[in-house]
Amino acid sequence: MHATRADTSERRFEIQCKLESEIAALEALKEAEERSRRLTSGVVGILSSLEDRLATLRRTILPVYNETGNLQAQQHNIERTLSVLDHAIGYYGVCQEVEAVVRAEPSGPGGLDGFLEAMNRLYNAQRYFQKNNPSSVELQNVTGLFSIGLESLYAEFHDILNRQSRPILPIVLLDLIGSDEDTSSEDAPQSLCQLPESVMSDLLKIAGWLEERGHRRHTKMYASVRSAIFLRSLLLLKEHQRSASGGSTHGGSPMPRAKFANRHSLDGQENAGRKASRRLQHALDKANRMLLKASQTTRLNLALNSVSRKPTLQLAPYSMEDAAPDEQEMENYLLLAAGLHKLIQAERALVAKILPTSLQAQVLEATVRDAMDLVAHDGDSIATRAKRCITRRDFSAVLVVFPILKHLGELKPDLERTVEGCDYALRSKFASVLDTLHTTGAKALEEFAECVRNESGAGLPKDGTVAEGTSNVLVFLEQLAEYADMAGAVLRRNLFTDQSTLYSKDPENVHKTVLGVYVKKVLAQLNLALVSKSDASYSDLALRALFRLNNHNYVVNALCRSSLMELLLLAEPSAEQTYHDLLRKDKNNYVTTTFAKARSYLADEPDLAAKTLKEKFLGFARELEEVAKCQRSYSVPDRCLREELRKELQEAIVPLYTAFHNKYRGTSFSKNPAKYIKYTPDQISALINTFFDTAA
């Protein structure tokens with residue numbers, strides 16, 4: 001119990017101590033609160049006083065600030081006014097300041113840049129006076145001086161362009177044609193750097209300044225100067241080709257010359273190694289082969305009225321306008337067209353460097369128009385003279401047309417891309433030349449077929465050999481086959497209307513099929529002409545049959561040694577077999593008719609009287625000798641056919657005569673059998689071997 005009272009006393013003491021501690025803390029807190037209140041009250045008083053003072057300051061400063069802003073605005077306006085006045089005053093004195101520079105022209109001491117700067121000042125002054133004081137004397141002065149400077153600028157542009165432009169030498173252009181086949185149109189003109197870079201820079205500055213200010217008379221000057229240079233470059237190439245070949249036409253005869261020795265080079269000796277583009281050279285080489293072979297015929301006059309074997313000692317002279325275009329002129333024209341393309345590429349690149357895009361097509365058109373007219377005129381001239389030759393039935397002209405058509409057709413897409421954007425009249429000139437040549441080629445082929453069909457009244461060779469007309473027709477067709485695709489395209493475009501069957505036969509070789517149809521037509525007309533003329537010319541059935549056999553054999557050999565048979569088979573798959581059947585028929589007719597009378601004397605009859613046997617042996621010998629005399633004067637140019645005919649003639653008569661001879665030679669039908677039996681079988685074989693041999 002005593003312990004419990006002690007614990008309670010201690011507890012009470014602890015509580016009493018805590019209470020006193022809390023009371024003391026509360027008193028301290030109240031004192032702090034009082035201090036804070038006093039401080040807050042002091043701060044509020046200070047802030048209120050500061051606010052009152054700031055309000056008073058604002059009321060005092062705001063009028064001053066507004067007045068200062070107004071003063072600053074007035075000062076800025078005064079400065080701007082002074083600046084504008086200075087600028088305007090400068091326009092009033094610009095004539096005096098730049099007159100010396102303008103009258104000194106762009107080539108003066110200040111140079112082009114200084115001149116352009118002076119012109120800029122005049123241009124700005126002119127615009128100022130036009131807007132603000134259009135009736136002032138100053139405007140007249142500025143306008144007059146500006147006009148003088150503008151004319152000087154135009155004159156400088158013209159002089160620089162005229163002074164620095166030079167025609168492209170033929171050697172350079174020919175080198176470009178020869179080495180630039182696969183070069184793109186963007187890179188091609190780079191090899192024709194025609195103006196120095198410093199000159200280009202000056203021209204660009206002048207053209208740019210004029211264009212920015214709406215003055216474009218310099219474009220006409222550019223077109224005029226460059227057109228003359230462009231045309232001169234082309235004329236130099238044309239003149240060079242003419243002089244290198246000694247002239248491109250003949251006045252005395254339309255016969256094509258068999259010359260084609262790399263005339264596209266600058267000089268026949270010094271530059272023989274220089275070649276035109278491979279594509280162009282290929283066309284020229286093919287044309288050379290065509291014309292060399294064609295020139296071996298008599299004027300290549302393919303009309304059947306020229307089949308006489310008598311040589312023509314004199315040919316009627318033709319004027320230069322009527323002379324047939326020859327292979328040299330063809331080559332010159334192809335090179336002229338290729339040169340035109342390269343020059344247009346170069347000119348397009350030059351225009352792009354000097355003039356803005358919006359003017360380039362228009363200026364390029366004006367620049368190349370005269371040269372394009374020249375090439376088009378030359379092409380039309382070739383076509384016109386070819387048509388005159390066709391009228392004279394000198395079909396050699398068509399051999400020139402097809403190489404030109406082939407190369408120009410290959411050149412056309414590139415040329416059209418080069419003149420893209422130009423006027424249609426210019427772009428259509430090249431197509432017009434192609435159309436004219438197409439029409440000329442088609443007319444030549446049509447007239448040739450008509451000539452083969454309608455020709456009559458000419459004599460045939462007395463020895464039954466191949467008619468000159470047949471040879472000429474096949475030569476012409478062989479050369480035509482060299483350009484099968486081009487000739488087929490011409491025929492298809494101008495002469496064939498129903499083409500649905502052509503696609504069904506061979507879609508990949510439509511043009512060759514068209515040419516095959518044409519060859520079939522011509523050969524059919526030739527065959528009809530040969531048959532009708534041989535019927536009218538030869539009374540001897542054997543000679544008539546031999547003539548047809550010789551000509552048909554020549555046709556078959558010509559077809560097989562060239563691509564004509566391939567073309568013919570596209571149009572008529574059975575053509576080869578048909579010709580072989582015809583040859584077999586002609587051969588049988590010839591063999592049968594040759595010994596028809598002689599065989600009649602060998603007809604065996606029972607109980608032949610001696611007199612009859614004498615008549616048979618004598619009649620056979622007489623007929624055999626007559627046949628041999630005639631046959632020795634006949635001609636079979638083909639050696640293989642000649643041997644075949646001799647063999648078949650022997651087989652047709654020798655066995656029959658051998659049997660008759662062996663049967664009756666031992667009979668006593670005469671005291672002198674040798675008088676009647678003049679030939680043994682071996683002698684007859686030997687006699688037949690002398691057929692077709694004039695020396696026997």
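Me: Before we start, what do buried, exposed and partly exposed mean here?
Reply: Buried means under 20% relative accessible area, exposed means over 50%, and partly exposed is in between (1.4 Å probe, protein chains only). This is a predicted model, where local features need pLDDT of at least 70 and side-chain atom pairs count only at pLDDT 80 or more, while totals for chains, interfaces and linings use all residues. Residues are numbered from 1 along each chain as its sequence is written, and side-chain values use heavy atoms, with hydrogens and water left out.

Me: OK, so why does R216 count as partly exposed?
Reply: Because its relative accessibility is 44%.

Me: What does R216 pair with in a salt bridge?
Reply: With E211, and their closest N and O atoms are 3.0 Å apart. A salt bridge is a side-chain nitrogen of Lys or Arg within 4 Å of a carboxyl oxygen of Asp or Glu.

Me: How many salt bridges does the structure hold?
Reply: There are 28.

Me: What about R385, which residue does it meet?
Reply: R385 meets E329 in a salt bridge, at 2.1 Å from N to O. That pair links distant parts of the chain, 56 residues apart: R385 sits in helix 10 (residues 357-391) and E329 in helix 9 (residues 327-354). Helices are DSSP runs (H or I, at least four residues), numbered from the N terminus.

Me: Are R385 and E329 buried or exposed?
Reply: Both R385 and E329 are buried.

Me: Switching topic, which residues are linked in a network of salt bridges?
Reply: E34, R37 and R38 are.

Note on methods: Helices (H or I, at least four residues) and strands (E, at least two) are DSSP runs, numbered from the N terminus.
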